[in-house]
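Subject: Structure handover

Hello,

Please find the structure below. Notes on what was found in it follow.

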Amino acid sequence: MERILKFRVWDEITRCLYPFTFQDVGAGGFIFIKGLSVVPLLPFNITQSTDLLDRDGKEIYKGDILSYISTEYEDEETGRTSCIGEVVWYDNFCFAFRYKD
């Protein structure tokens, strides 16, 4: 089964997120979005789906800020079992959770 790569683009003008796939990208780098005519890909901020869902069933994308509560790990210095971080993309082609201090 082939994985469908999903993305979303942030439009600063309308202040909206628009989901899309490669099938929605036309010639010249334009996205065809239902309800809109055409949106150019650049200079907008594009993020990719991790194909993971949060506890509410919402898709998680690169750049999302998450709160994580560990049942197995406790920080030795602070004793915290929860942390906040950002979903990032590493050069070795994987998504990861980067902790915020």
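Arg8 is buried, with a relative accessible area of 14% (buried means under 20%, with a 1.4 Å probe and protein chains only). This is a predicted model, in which local features need pLDDT of at least 70 and side-chain atom pairs pLDDT 80 or more, while totals for chains, interfaces and linings use all residues. Residues are numbered from 1 along each chain as its sequence is written, and side-chain values use heavy atoms, without hydrogens and water.

Arg8 belongs to strand E1 (residues 6-11); strands (E) are DSSP runs of at least two residues, numbered from the N terminus. Its side chain makes a polar contact with that of Asp64 at 2.3 Å (a pair of N or O atoms within 3.5 Å, one able to donate a hydrogen and the other to accept it; residues adjacent in sequence count only if both atoms are side-chain atoms).

The largest pocket has a volume of about 310 Å³. A pocket is an open set of points on a 1 Å grid where a 1.4 Å probe fits, with protein on both sides within 12 Å along at least five of seven lines; lining residues have an atom within 4 Å of a point. The volume is the space filled by probe spheres set on the points.

Strand E7 (residues 65-69) gives the most to this lining, with five residues. Of those five residues of E7, the number buried is zero, so the strand lies largely in the open. E7 pairs with strand E8 (residues 82-90) in the antiparallel sense over five bridges (pairing needs at least two DSSP bridges). Ile65 stands opposite Glu86 in E8.

Regards

Methods. Helix = DSSP H or I, 4+ residues; strand = E, 2+ residues; numbered from the N terminus. Buried < 20%, exposed > 50% of the residue type's maximum accessible area, 1.4 Å probe, protein only.
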